[in-house]
Amino acid sequence: MYRTDMYEGVLAETIVMPGANGELINAYFARPLGPGPFPAMVLAHHMPGWDTWYREVTYKFAHHGYVTITPNLYFRAGHGTPEDVAAKVRADGGIPDDQAVGDLAGAMQYIRALPYVNGKVGIFGTCSGGRHAYLTACRASGSDAVVDCWGGGVVMDQKHLDEKHRIAPIDYTKDLACPILGLFGEEDSSPSPEQVNQHEAELKKYGKNYEFHRYPGAGHGFFYYHRPNYRQAQAVDGWEKIFAFLEKHLA
């Protein structure tokens, strides 16, 4: 609870951390200042890349009391503007699922070892990052909660599988070991409402702890205030649900 007489401070900086196969990659890191211990968050950025929006969201989570790290999942594609690097990754068919999971698992290990973290770590992602967050929560140990915001490609047709994406994330659902919050727009096409229903059915099948919320009048990326698809009321409600969910499972 915020009070006008409370101490408040945030440290934010770019760091280097071990990712997949122990390879060093860069990441954006932010933490609240104060005695702690604090819960922690790992953020999986979207296909537009390791961009300004994800830096702002890293800081947002820290402002709300979470030690937060956002690894650069496109580190191996080289450096430049986020748009240029993301275009290169997109043209190359994306990044391998194994590599993304390795980077995000490395971020979880890094952040959990910090002395001011309470031992609980959640993972959050939007768009392709929602897919990567879900994959990591299913395939790597260490997630205490996962937030999937309109993660496209959780449900995949066989024809869309390839060497980089060999198994659809939905097929790992039985291995999910933490609660999941899912936020989706009813006007989205990736994931479509039908794919969200399919994902929900799989979670029910395996008795998983989940909350799914579907927003009328919203499509893909309705949190992105700098784009035409932004939906203010739905975004505000979505953020409220995210922080209530994390407070319940991580604090």
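**Exercise 1. In which sense do strand 6 and strand 7 pair, and over how many bridges?**

Before we start, keep in mind that this is a predicted model.

*Solution.* 
Step 1. Look at the two strands side by side: strand 6 and strand 7 pair in the parallel sense, and four bridges join them.
Step 2. Asp148 stands opposite Gly182 in strand 7.
Step 3. Now move on to the next neighbour. Strand 7 and strand 8 are also paired in the parallel sense, over six bridges. Here Gly182 stands opposite Phe212 in strand 8.
Step 4. Strand 5 (residues 117-126) and strand 6 (residues 145-149) form a parallel pair with five bridges, and the bridge partner of Thr126 in strand 6 is Cys149.

**Exercise 2. In what order do the eight strands form the open sheet, and which strands stand at the edges?**

*Solution.* 
Step 1. Read across the sheet: the order is 1-2-4-3-5-6-7-8. The sheet is open, and its pairing is mixed.
Step 2. Find the ends of that order. Strand 1 (10-18) and strand 8 (210-215) have a single partner strand each, so one side of each is left without a neighbour in the sheet.
Step 3. Follow the twist. From one strand to the next, it averages 20°.
Step 4. Recall what holds such a sheet together: strands pair through backbone hydrogen bonds, in either a parallel or an antiparallel way.

**Exercise 3. Which residues of helix 1 are buried, and what do they pack against?**

*Solution.* 
Step 1. Take the helix itself. Helix 1 (residues 52-63) has twelve residues and reaches 16 Å from its first C-alpha to its last, close to the 16 Å expected at 1.5 Å a residue.
Step 2. Name the buried residues: Trp53, Tyr54, Val57, Thr58, Phe61 and Ala62.
Step 3. Think about the spacing. An α-helix has 3.6 residues a turn, so residues three or four places apart point the same way.
Step 4. Find the partners. The buried residues of helix 1 pack against strand 1, strand 2, strand 3, strand 4, strand 5 and helix 6 (232-250).
Step 5. Step just past the end of helix 1, where Gly65 takes a positive phi of about 100°.

**Exercise 4. Are the residues of strand 7 buried or exposed?**

*Solution.* 
Step 1. Count along the strand: six of its six residues are buried, so strand 7 is mostly covered.
Step 2. Sort them by direction. Ile180, Gly182 and Phe184 point one way from strand 7, whereas Leu181, Leu183 and Gly185 point the other way.

**Exercise 5. Which residues line the largest cavity, and how much space lies in it?**

*Solution.* 
Step 1. Begin with the count: there is one cavity of 30 Å³ or more.
Step 2. About 70 Å³ of space lies in the largest cavity.
Step 3. Walk around the lining. Among the lining residues are Gly151, Val154, Phe184, Gln195, His199 and Phe212.
Step 4. Ask which element gives the largest share. Helix 5 does, with three residues.

**Exercise 6. Where is Ala168 found, and which residues does Ala168 touch?**

*Solution.* 
Step 1. Locate the residue: Ala168 is in the loop between strand 6 and strand 7.
Step 2. With a relative accessible area of 3%, Ala168 is buried.
Step 3. Compare sequence and space: Ala168 and Val154 are 14 residues apart in sequence, and their C-alpha atoms are 6.2 Å apart.
Step 4. Leaving out residues up to four places away in sequence, Ala168 touches Val154, Met156 and Leu161.

How values were computed
Residues numbered from 1 in each chain as written. Predicted model: local features only at pLDDT ≥ 70, side-chain atom pairs only at ≥ 80, totals over all residues. Heavy atoms only, no water. Pairing = 2+ DSSP bridges. Axes fitted to C-alpha atoms, helices over the stretch in contact; angles between N-to-C directions. Expected span 1.5 Å × (residues − 1). Buried < 20%, exposed > 50% of the residue type's maximum accessible area, 1.4 Å probe, protein only. Contact = heavy atoms within 4.5 Å. 1 Å grid on protein atoms, 1.4 Å probe; cavity = no way out; pocket = protein on both sides within 12 Å on 5 of 7 lines; lining within 4 Å. Points joined across faces, edges and corners; volume = space filled by probe spheres on them.
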